[in-house]
Amino acid sequence: MTEAADIPAAPRRRRKLNVSLAIGLVLTLSFLGIAFVSLFHLPGDPNMPDVRNRLLPFGTPGHLFGTDVLGRDILSQLMMGARTSIMVGVGGASLSLLLGSVLGLWAASAGRVTDETIMRTADILLSIPGIVTALVLAATFGSGAGTTIVALTAFFTPSFVRVIRSAAISVLVEDFVTAARLYGRGRLFILARHVLPNIAGVMIVQFTLYFAAAILVEAGLSYLGVGVNRPSISWGLMLSEAQQQVGVSSPLAMWPGLAIVLVVLGLNLLGDGLRDVMDPKLARRGA
Amino acid sequence: MSEQAIDVRDLVVRAGGLRAVRGVSFAIPPGGRMGLVGESGSGKTLTALSLMGLLPAGLGATGRILHDGADLLTLSDRRFSNRRGRTLSMIFQDPLSALNPVQRVGEQIASVIRRHTGAGRQAAMAQVVDLAAQMKLPRPEEIVRAYPHQLSGGQQQRLMIAMALSCYPQLIIADEPTTALDVTVQREVLRLLSAAVDERGSALLMITHDLPVVAAMCETVAVMYGGTIVEIGPVAEVFRDPRHPYTRGLLDSQPDIDRIAPDGSSRLESIPGMVPPLHALPKGCAFRPRCAFATELCERMPPLEGGARKAACWHPVSGPRGAAP
Amino acid sequence: MIRYILRRLAFFFGALIVASILIFTMIRVAGGNVAAVVLGKDASAEAIEALVVEYGLDRPLPVQYFDWIGGMLRGDLGQSFRTGESVAGLVVSRLPVSVPLALSGLLLAMLIALPLGIYAARNIGKPSGAAVALFSQIGIAVPVFWAGVLMSLLFGVKLGWLPTGGWIPWSVDPVAAIRSLVLPVVSLSVVLAAILSRYVRTAVLDVMNQDYVRTARAVGMTRTEALIQVGLRNAALPIVTVLGLQVAELIGGTVIIETVFSLPGLARMILANVAAREVIVVQSTVMLIIVFVMVLNLIVDLAYGFLDPRIRTAS
């Protein structure tokens, strides 16, 4: 729009943003909190069969969420699943962020040939579906949390490279960077001192959104049997077991699904809220 | 009903709880030309968009805008749409972003003609070629088949003018029509705009911060500050003898090529302070915090008073320019 | 335009070569001795040696790579170690399930997402628009397998309208085949549509805030006319790009949905072979999927060039 300064922002938008941020924060913090508690205390043993207490319903004393077909405590399994989600999600998103930042900053600040090479490679990797990478890795190395994290990293890194490169370029063309260059500052200094602080917001948002995506992919892979296996527990694995052993109508198929939806929704809302708060354009309009 | 090409009465534009335009009134007679000047944020673009009924979402206009026998603010979107491009039309600042990038420019103009005159495809296209020729575009038959990105800024703006004028509107609003163009083509585009407006007998509302353009093209001028008109009157009188301290400051901060001293001793005046943001407008006269003549009286809103020329100031300055302290 | 097409084609073939080398390396080099992997921990050294010789696994890797690629180009995708079945035959027998599932899933997703996204964009700031945005936000968070489970619970178990799983081949009963595809397609497309509709909404919002839409309004178009005649034509560009990026999502969803509804498609065949460590089958089938994705991406790129005059008219 021309003369944006002439047109004040409608104040209604800002109130909505905070709702998204607040709900996201509450859901995410509860999720993190539950996983944290699971490190110290679980109501039961998530892997210990108990044939006398099979398929207890929701609300049974001692087994608040009931038990599964082998009599294992559901609540404990859900809490363990939260832990797995965080481990795999944070693992995949952090590795992607690290690799993506190095490659993205390198592409943004290096010459044309390096830039083109990195970006075209990213394009190629981006067109290989993540599930395919995961299947190949599972076929060669066997499945498990480690393999899943590697597959997620291979799948997500190209997106991080793209986003971080374009954010970095938008900073690198700013006048203050040109000025720093004229002072004789080196590339690493400029990247660390000027670019990184200015793209930190983008990186945080990207991390949050891909944390959520990683949880979805991990659940999918575990559901297929090429992700996390017992004795580790994943929500996807729980759902798969429930479907195979007692059929879809069981409440056992509801809990893990609901857990995934709430957590992913929370992280996505948090990411969107953070983006809106940090978006310099919106911030300027709000002032 | 009003005989004017446009008659605006007490226009207010609200954004949330704030008033971005705070009671603007003016009229332009058929074929008349008025300049609307002011800094960014003064409300001049919002005023123009109100006349077109194209305010961004979240902003609302109240008051009366009389044009072509109707109060535009009471029309439904469908009936208002029928007038846009036909009885009143607008030219925007940046022609490249104002033209549809995925449609040939000729087709864009032809669709306007077909919409409002019911002309057939070929007849409309022939008119477009004529219009392009009138706009002194080289090889008009070819140029109308181009996409916007294939043309220069000057060519784009000339076609934009052709589109806005294609249906002989009673009123043309031009919002900074040459700001985005190279200095070398600005003059030519303005000359073509002026000629085309003359030929159609349209009235012109010229929004700009370029005072010499107003002096060259317009009969009257309205100066906006803080969402209100602070001074309005015939261009020659207002520019020679401004009454409002803001108008005077604005004129004094124009570089005047005739007065540049060869020894480099000439000074460019500037108005101290900054335009206050909308939510921090002072009580009373909006210019008060920057005004050298402000007194307690200025905490009350001064009325826009006078005859043919009016100024909203409790302490109007007078005397030809240059004499001020 | 010709330069654009040539560049895209060059990228397409380059990408195929790079992807094939990546997959080959990952399976053959990183995975260690293929024969040992296939036969498992308890296999005797003789058995491993026999398999190595039979499949020429002792030849230099580049020779094996070109052998593999050459075979692929001739339509020979290799054989299963255990059963000796040809991979090509396995794949072809599964396509009648997977291809209709994936393509109609994508099509239905677009049919849902386009109107929904446009509606959300037009009603931004109103409760109706917020409701659609909320639907998308929740839909994105729903894992596709859970969507499948809920669908089969509602329409299969509770209402009994459609089968909750299994497959009757087209040749036996086309109607039954379609019936067993309905729930998988709907589950897949609902989740995809949630994601897509958000992009559509953003694209439409972006476009409707452009100056040229204001111009269209300034010369007499109503809001709706400006949206349809000017907005959508421009919004098509980002939407087409996003469609290309969604193909990877589509493949993942298809693999999972085939499992949820026990459909004998390509994905289930791959999964069975992953479990059996049939690396040749996995390697070739995965490469085929990548070819499919890249062809779709190429089509999307060419469509983009055709839709955008700034690219089409560039010399």
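**View 1. Order of the secondary-structure elements in chain A of the predicted model.** Read from the N terminus on, the elements of chain A in this predicted model follow one another as α-α-α-α-α-α-α-α-α-α. The secondary structure of chain A accordingly amounts to ten helices and zero strands. Of the 287 residues in chain A, 49% count as buried, and among the contacts in chain A with a separation of 6 or more, 69% are made by residues 24 or more positions apart.

**View 2. The contact between chain A and chain C.** This contact draws 34 residues from chain A and 44 residues from chain C. On the side of chain A that touches chain C, at least two residues each are supplied by helix H3 (112–126), helix H4 (130–141), helix H7 (187–224), helix H8 (235–246) and helix H9 (254–278) of chain A. H4(A), with eight residues, gives the most to that side of chain A. Sorted by class, the side of chain A that touches chain C consists of 23 nonpolar, nine polar and two charged residues.

**View 3. Packing of helices H8 and H10 in chain C.** Helix H8 (residues 174–208) of chain C packs against helix H10 (residues 223–260) of chain C at an angle of about 150°, and their axes lie 8 Å apart. Because angles over 145 degrees count as roughly antiparallel, H8(C) and H10(C) are therefore described as roughly antiparallel to each other. The crossing in which H8(C) passes H10(C) is right-handed. By class, the contact of H8(C) with H10(C) comprises 19 nonpolar, six polar and one charged residues.

**View 4. Packing of helices H11 and H12 in chain C.** Helix H11 (residues 266–275) of chain C and helix H12 (residues 279–307) of chain C pack with their axes 8 Å apart, at an angle of about 150°. H11(C) passes H12(C) in a crossing that is left-handed, whereas the crossing of H8(C) past H10(C) is right-handed. From H11(C), the residues C:Leu266, C:Ile270, C:Asn273 and C:Val274 meet C:Val281, C:Val282 and C:Thr285 in H12(C). By class, this contact of H11(C) with H12(C) has five nonpolar, two polar and no charged residues.

Notes
Residues are numbered from 1 along each chain as its sequence is written. Chains are lettered from A and ligands numbered from 1 in the order in which they are written. This is a predicted model: local features need pLDDT of at least 70, side-chain atom pairs count only at pLDDT 80 or more; totals for chains, interfaces and linings use all residues. Axes are lines fitted to C-alpha atoms, for helices over the stretch in contact, and angles run from 0 to 180 degrees between N-to-C directions. Helices (H or I, at least four residues) and strands (E, at least two) are DSSP runs, numbered from the N terminus. A crossing is left-handed if the near helix is turned anticlockwise from the far one by less than a right angle, and right-handed if clockwise. Two residues are in contact if their C-beta atoms, placed from the backbone, lie within 7 Å. Ala, Val, Leu, Ile, Met, Phe, Trp, Tyr, Cys and Pro count as nonpolar, Asp, Glu, Lys and Arg as charged, and the others, Gly among them, as polar. A residue is buried if 20 or more other C-beta atoms lie within 10 Å of its own, exposed if 12 or fewer, and partly exposed in between; C-beta atoms are placed from the backbone. Angles under 35 degrees count as roughly parallel, over 145 as roughly antiparallel, 65 to 115 as roughly perpendicular and the rest as oblique.
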